[in-house]
Amino acid sequence: MLWGGMAGEFDLEMMQRAIGLARAAAAAGETPVGAVLVDPATGEVVAEAHNQPIGCSDPTAHAEVLAMRAAGARLGNYRLTGLTLYVTLEPCAMCAGAISHARIGRVVYGADDVKGGAVAHGPRFFEQPTCHSRPQVTGGVMGEDASMLLKEFFRARR
């Protein structure tokens, strides 16, 4: 499902990068989710991360949150106004809230998360009247690739 326009070549390149980070998460025994924050004006990668709640003993150590923390530290600002976040899985409610508070301008995600997602599913966080800032959202970019990585990861653990 796509909102806010079609994915371009740069979007595909950044999602490939996020999928590489998701693979690194899987190799570390973490749920394979990767995130890349980019300045769309320059194309510069500002920060990137993969899921690490197990390794960090931190339930908030989702890829999106870790990438936003790194970007904030690098830029010296908690507001990440206008940046684009590429993430392999539809953000959960916690991450959607953080994305809104950070004032991220655009979110591009891969796989839908029917059970835990909060953008296209569940609470549809960015559609709520209490949402402070609503990014442009493009969903489903390389969604099959991201979904397959998740399915393979969980299949191997059952």
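Please keep in mind that the model is predicted. Its largest nonpolar core holds 31 residues, and helix α3 gives the most to this core. The largest pocket has a volume of about 190 Å³.

**The nonpolar cores**

- Among the 31 residues of the largest nonpolar core, L37, M68, L80, I99, I104 and F126 touch the most other members.
- Seen by element, two or more residues of this core come from each of the strands β1 (34-39), β2 (44-50), β3 (84-89) and β4 (106-111), and from each of the helices α3 (63-75), α4 (93-102) and α5 (143-156).
- The contribution of α3 to this core is 5 residues, the most of any element.
- Leaving aside residues up to four places away in sequence, L37 touches E44, V45, V46, A47, A67, M68, A71, L80, L83, T84, L85 and I104.
- There is also a second, separate core of 14 residues, which includes A18, L21, V38 and V141.

**Helix α3**

- The buried residues of α3 are A63, E64, V65, L66, A67, M68, A71 and G72.
- These buried residues pack against β1, β2, β3 and α4.
- How far apart are the end C-alpha atoms of α3? They are 18 Å apart, and this agrees with the 18 Å that 13 residues should span at 1.5 Å a residue.
- Just after the helix, G76 takes a positive phi of about 70°.

**A35 in strand β1**

- You will find A35 in strand β1.
- Is A35 buried or exposed? A35 has a relative accessible area of 0%, so it counts as buried.
- Not counting residues up to four places away in sequence, A35 touches A18, L21, A47, E48, A49, A63, E64, A67, L85, Y86 and V87.
- Two of these contacts, A18 and L21, belong to the second core.
- A35 and A118 are 83 residues apart along the chain, and their C-alpha atoms are separated by 16 Å.

**The pockets**

- The largest pocket, with its volume of about 190 Å³, is lined by L89, A111, D112, D113, V114, S147, L150, K151 and F154.
- Which element gives the most to that lining? Helix α5 does, with 4 residues.
- By class, the lining of the largest pocket has 5 nonpolar, 1 polar and 3 charged residues.
- The second largest pocket has a volume of about 160 Å³.
- Its lining is made up of T31, V33, N51, P53, H62, E64, L89, E90, P91, C92, D113 and G116, which divide into 5 nonpolar, 4 polar and 3 charged residues.

**Positive phi away from glycine**

- R103, in the loop between α4 and β4, has a positive phi of about 65° although it is not a glycine.
- The relative accessibility of R103 is 24%, so this residue counts as partly exposed.
- M142, in the loop between β5 (136-138) and α5, is not a glycine either, yet has a positive phi of about 55°.
- M142 counts as buried because its relative accessibility is 17%, and the cut-off for buried is under 20%.

Methods:
Residues numbered from 1 in each chain as written. Predicted model: local features only at pLDDT ≥ 70, side-chain atom pairs only at ≥ 80, totals over all residues. Heavy atoms only, no water. Core = buried A, V, L, I, M, F, W, Y, C linked by side-chain atoms within 4.5 Å. Buried < 20%, exposed > 50% of the residue type's maximum accessible area, 1.4 Å probe, protein only. Contact = heavy atoms within 4.5 Å. 1 Å grid on protein atoms, 1.4 Å probe; cavity = no way out; pocket = protein on both sides within 12 Å on 5 of 7 lines; lining within 4 Å. Points joined across faces, edges and corners; volume = space filled by probe spheres on them. Nonpolar A, V, L, I, M, F, W, Y, C, P; charged D, E, K, R; others polar. Expected span 1.5 Å × (residues − 1).
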